[in-house]
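These are my notebook entries on a two-chain model, kept in the order in which I looked things up.

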There are 2 protein chains.
Amino acid sequence: MTVVPGFTGGTLDRADHLRHDPTALAATIDWRARLLRLDGLIPAIADDARLGWTTLTDAPDEAELILLGIGDGRAHFAALLPGLRHDDLPAMRNPALMGALASLAPGEAATYAAARSLIDWHLRHGFCARCGTATTLFRAGWGRSCPQCGAEHFPRVDPVVIMIAEHDGRALLGRGKGWPPGRYSALAGFLEPGESVEEAVAREIHEEAGVRIRDVRYIASQPWPFPSQLMMACVATADDDTLTIDANELEDAIWVPRDEVRRILAGEDGAFIAPPPYAIAHTLLTVWAAG
Amino acid sequence: MTVVPGFTGGTLDRADHLRHDPTALAATIDWRARLLRLDGLIPAIADDARLGWTTLTDAPDEAELILLGIGDGRAHFAALLPGLRHDDLPAMRNPALMGALASLAPGEAATYAAARSLIDWHLRHGFCARCGTATTLFRAGWGRSCPQCGAEHFPRVDPVVIMIAEHDGRALLGRGKGWPPGRYSALAGFLEPGESVEEAVAREIHEEAGVRIRDVRYIASQPWPFPSQLMMACVATADDDTLTIDANELEDAIWVPRDEVRRILAGEDGAFIAPPPYAIAHTLLTVWAAG
């Protein structure tokens, strides 16, 4: 089946060559260029489920511009505002932000995801990790360089595996502490240095639920901008359904039959409340439920 | 087909719980614990294609220990040596290192990959990216924390897509500047914030070779410890074989028929020299050549 995970399908051309060509970049900064409208990091939504944009005249003089890409022959930017601190950013659970995400068209959410991840990264990476000196933005906002030691730093993307173990037609789902009542989702965790995707899937399922798996199948991926993960969704086969839950990681874990997952995704009440459609866990459950 | 990419198949249990439990960790640091033997970052190879190990008495008093995991009931560590600087590390092309990689058993190379990526990360991340203060190692070497602002920093893993575009039974291969004579490989590039794996594959092939693709199929992944990438290997379908090469990225690109790829992987002379077996490009070509 064809799947379109949330935060994918952006239509801007990232125009990597402009990041390396300050003269060509400067030529795109004109009255036609568009500036992403953000309140903190909450996007302004236009009536047609699209992102709101304005012109560069709305950016303060001291703002630094991040090139999101080219679309309709115009450069599209996000502004890194002077004085904005990381602590000022809205959390993922902010109701206004969740409402905006639920109403954005998928390709529009992709553009927002890139902008949000980059702004967040700049706010948390103002100093050189190699020598401690304050760094400056370069490459049209896709990096920071150190005036002291010359080190160049690039935005982080942290790979995360998110997966269903299946056993006898049932899927293993878990819930973390503090999640909304009834919410269960696929298990997930950060991939570590020295691991493949397949090895991280096996390690995480064993660490969190005590289940050994084999035959990892990759399903799909999505960027997740809180702050900047790459979510890689997989299915794996478990030979045994005995659970040994790590209470530091999970509050509970359950095996749910395929039919019940299908009914819940169709909107019926059941053993759990499904993750929101823009989360790849929803995509993963949909693919698995379809068999 | 079953594939075992290079740098996968490590047998140590990473024992995440010990990273969070200093008392339990300290109890593993005894005469039975093993220390990875490294010369700079070049591994010492034992006669049986396994890594060389010694005891903790060989670590200088000021060394900091990184817990690689538990195996045979013993803790296995790598040492972060006092005074070692990032510039002292051997490059990937170092002949002694390449010789070591070619002779290590795959699971042993996986352990080396984790150790090398972590040591390299510590040497390049001694300062807090958020406030510029010198940080200290914590979590048994799997993180650094800032005594000034309290920020916690964790090792980077940078996702990279590596892929073959296929057209009419031929694979698109390219060569970078300065590569060994005759060497061609799959195209590759860093995944960026706000992209899925599938979108990064499409962008990179178009940027480097001017080819539009569809139907991205994930094949396999591997960690690549130079310094710490996650390589995700894919195949995609091109509808047109016209090449427009970006001279900043590639020196040349060619379409190679499946039969010829198969012959070259079998050791015969042909249009290119294959990447080494421990590179996932070799795995990817092998899977593709098998049809």
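**Entry 1: the interface between the chains**

I note at the outset that this is a predicted model. I began with the contact between chain A and chain B, to which chain A contributes 49 residues and chain B contributes 49 residues. The area buried between chain A and chain B is about 3,700 Å². Carbon and sulfur atoms carry 55% of that area.

I then asked how many salt bridges are counted between chain A and chain B. The count is eight.

Next I looked up which elements of chain A supply at least two residues each to the side that touches chain B. They are helix H1 (16–19), helix H4 (106–124), helix H5 (197–209), strand E13 (213–224) and strand E14 (229–238). H4(A) gives the most to this side, with six residues. Sorted by class, the side of chain A that touches chain B holds 22 nonpolar, 13 polar and 14 charged residues.

**Entry 2: individual salt bridges**

I searched the whole structure and recorded 38 salt bridges over all chains. One of the pairs I inspected is A:Arg14 with B:Glu192, whose closest N and O atoms are 2.7 Å apart.

**Entry 3: domains of chain A**

I looked up the division of chain A and found domain 1 (16–124), domain 2 (127–155) and domain 3 (158–289). From the UniProt record, an unreviewed entry, I took the feature "domain: Nudix hydrolase" at residues 155–286 of chain A. Over residues 155–286, chain A is 21% helix and 36% strand. The end C-alpha atoms of this stretch are 31 Å apart.

I then turned to domain 1 and domain 2 of chain A, whose C-alpha centres lie 21 Å apart. Their contact takes 11 residues from domain 1 and 10 residues from domain 2. Domain 1 and domain 2 of chain A bury about 1,100 Å² between them, and 68% of this is on carbon and sulfur atoms. Which residues of domain 1 lose the most area to domain 2 of chain A? I found A:Arg19, A:Trp121 and A:His122, which together make up 51% of what the domain 1 side buries.

Between domain 1 and domain 2 of chain A I counted zero salt bridges. The polar contacts there number four residue pairs, with both residues at pLDDT 80 or more. Strand E5 (64–71) and H4 of chain A are the elements that give two or more residues to the domain 1 side. E5(A) gives the most, with four residues. By class, this side of domain 1 of chain A has seven nonpolar, two polar and two charged residues.

**Entry 4: backbone geometry**

As background, most residues other than glycine have a negative phi, and most peptide bonds are trans. I checked for exceptions. In chain A, a cis peptide bond joins A:Phe226 and A:Pro227, with omega about 0 degrees. A:Pro227 sits in the loop between E13 and E14 of chain A. In chain B, the bond from B:Phe226 to B:Pro227 is cis, and its omega is near 0 degrees. I placed B:Pro227 in the loop between strand E13 (213–224) and strand E14 (229–238) of chain B.

A:Asp168 is not a glycine, yet I recorded a positive phi of about 55 degrees for it. A:Asp168 is in the loop between strand E10 (158–167) and strand E11 (170–175) of chain A.

**Entry 5: surroundings of one glutamate**

I located B:Glu260 in helix H6 (residues 258–265) of chain B. Leaving aside residues up to four places away in sequence, I found that B:Glu260 touches B:Gly270 and B:Ala271. B:Glu260 and B:Gly270 are 10 residues apart in sequence, with a C-alpha to C-alpha distance of 6.9 Å.

Methods: Residues numbered from 1 in each chain as written. Chains lettered and ligands numbered in written order. Predicted model: local features only at pLDDT ≥ 70, side-chain atom pairs only at ≥ 80, totals over all residues. Heavy atoms only, no water. Contact = heavy atoms within 4.5 Å. Buried area = accessible area lost by both parts, 1.4 Å probe. Salt bridge = Lys/Arg side-chain N within 4 Å of Asp/Glu carboxyl O. Nonpolar A, V, L, I, M, F, W, Y, C, P; charged D, E, K, R; others polar. UniProt positions renumbered as here; feature names shortened; annotations may be inferred. Domains from an automatic or database assignment. Polar contact = N/O pair within 3.5 Å; in protein donor to acceptor, adjacent residues only side chain to side chain.
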